[in-house]
Amino acid sequence: MRIQIHKDDCCGCTACASSCPKKAITMKPDSLGFLYPEINNDLCIDCGKCVRVCAFNENYKTPFKLDTIQAYAGKHRDVKEVAKSQSGGAFVVLSDYILSQGGVVYGVGYKDHFRAAHKRATTKMERDEFRGSKYVQSDMTGIFPLVKQDLENGLLVMFTGTPCQVAALASYIGTGKIRENLFLMDIVCHGVPGPFVWEEYLTYLEKKEGKKLTSVNFRDKSYKGWRSHVESFTFSYTYTYTYTYTYLFYSHINLRYSCGNCPFTNFNRVSDITVSDFWGIEKSRAASMGADNRGCSLFLVNTKKGASWFSMANKDLEFMPVSIDECMQPQLSHPSKLHPQRAQFEKDFSEKGFAFVRRKYGDVGFRYWTKTAKNNLIKLVYPALKPIISLIRKNKYSRT
């Protein structure tokens, strides 16, 4: 009864490797850096734990989910905290409570040279590394056993990650008594790009600038506000703004294959609380909270524990309830659709590197400028043609 590995059905969560009693499973990267389990058949005893722990399927369990999810728009009362956060400071508010109780927080920080990885924090200073979006899949190697050990030691534990990572940890921990001290926060996830693409991009930038990077920001609000999606990079004392990596990310051309097959893009959440940017807030009753373009978070309270957590943590939060209809986002209704050239991108990247795929698929080169010119022309011409098109359609249907 050995685990069957198909790229469409594996999110790289490491639950199978963490559960294996014989350590027969190791996580190996593919050409984009996505980790997949590799089984040592000489060690495997066919116990089936790897299969049973896998939560990446349509039958994942939500034993603590409320019948009715509570939704809120919210932002930290301290504008400095909002400025340092990616949206409204949701993660800071929730994690501050856990740390104030002597608990630990797990989130995504950096190892080595800005390699995204889950890490453990017991102080606000350590926790602050987890602020902000990291648009790349994090390395979870060895994290689940650490979480379990903290829980067995009686600590409160907050774990934050993508929905598949949160579901995997919940399955790994189970529904026993130690689960009571586990607080789960997931995000509304757009999909995860390949780690090797991110790493080669940084190498590309450093070679271009002739300097080593000292900091990175996947989405810098200080440039044009919360709604801008601009990357920033610091080299010594110089700043660079770009859209290159973001352009590839939003084209869905370097996402993990399983992101196009994600079972968690709905309101049936495993987590206690789901957070995200409150995109579309201008159309909701909370529009005024997003009017300053500094950022506002969306909270989905999914469990009884989540409701209690939100109630205890929200003293530093300006918030108001909203309806589910008001906060609907694409990734709460369907998975991201992978780019039709996803496979060719991976082949080109592995054979020719980042500079080549940037020219072929990114924000430079003939293809990009042709596409941009076409879109700009449509935006310019369509308003003038819209009345004529409407008249033609009206006459067409009136004759039928």
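Start by selecting E81, which is buried at a relative accessible area of 17%. The model is predicted, and every stop below refers to that model.

**Stop 1: E81 and R131**

R131 and E81 form a salt bridge, with the closest N and O atoms 2.5 Å apart. E81 sits in helix α3 (residues 79-84) and R131 in the loop between α5 (124-127) and α6 (143-152), so this pair ties together parts that are 50 residues apart in sequence. R131 is also buried, at 12% relative accessibility. Now extend the selection to D96, K124, R127 and D128: together with E81 and R131, these residues are linked in a network of salt bridges.

**Stop 2: K360 and D348**

Move to helix α13 (residues 354-361) for K360 and to helix α12 (residues 342-352) for D348; the two residues are twelve apart and their pair links distant parts of the chain. The contact is a salt bridge with its closest N and O atoms 2.9 Å apart. Buried or exposed, what is D348? D348 has a relative accessible area of 3% and is buried, because the cut-off is under 20%. K360 is partly exposed, at 23%.

**Stop 3: D30 and K7**

Select D30 and K7, a salt bridge with 3.0 Å between the closest N and O atoms. D30 is in the loop between β1 (25-29) and β2 (35-39), while K7 is in the segment before α1 (15-19), so the pair joins parts that are 23 residues apart in sequence. D30 is buried at 12% relative accessible area, whereas K7 is partly exposed at 31%. The total for the model is 23 salt bridges.

**Stop 4: the sheet**

Switch to a cartoon view. Eight strands make an open sheet of mixed pairing, in the order β5-β4-β6-β7-β11-β12-β3-β13. At the edges are β5 (115-121) and β13 (317-322), each of which pairs on one side only. From one strand to the next, the twist averages 30°.

Within the sheet, pick β7 (residues 182-187) and β11 (residues 273-277), which pair in the parallel sense over three bridges. Which residue of β11 is the bridge partner of D186? The partner is T274. Then show helix α7 (residues 163-173), which lies across β5, β6 (157-161) and β7 and runs at about 155° to β7.

**Stop 5: a tyrosine patch**

Finish with a surface view of Y223, Y239 and Y241, which make a nonpolar surface patch of about 320 Å². Y241 belongs to strand β10 (residues 238-242) and is partly exposed at 35% relative accessibility.

How values were computed. Residues numbered from 1 in each chain as written. Predicted model: local features only at pLDDT ≥ 70, side-chain atom pairs only at ≥ 80, totals over all residues. Heavy atoms only, no water. Pairing = 2+ DSSP bridges. Helix = DSSP H or I, 4+ residues; strand = E, 2+ residues; numbered from the N terminus. Axes fitted to C-alpha atoms, helices over the stretch in contact; angles between N-to-C directions. Contact = heavy atoms within 4.5 Å. Patch = residues over 30% accessible without salt bridge, like charges linked within 9 Å, V, L, I, M, F, W, Y side chains within 5 Å. Areas by Shrake-Rupley, 256 points an atom, 1.4 Å probe, with all protein chains shown as cover. Salt bridge = Lys/Arg side-chain N within 4 Å of Asp/Glu carboxyl O. Buried < 20%, exposed > 50% of the residue type's maximum accessible area, 1.4 Å probe, protein only.
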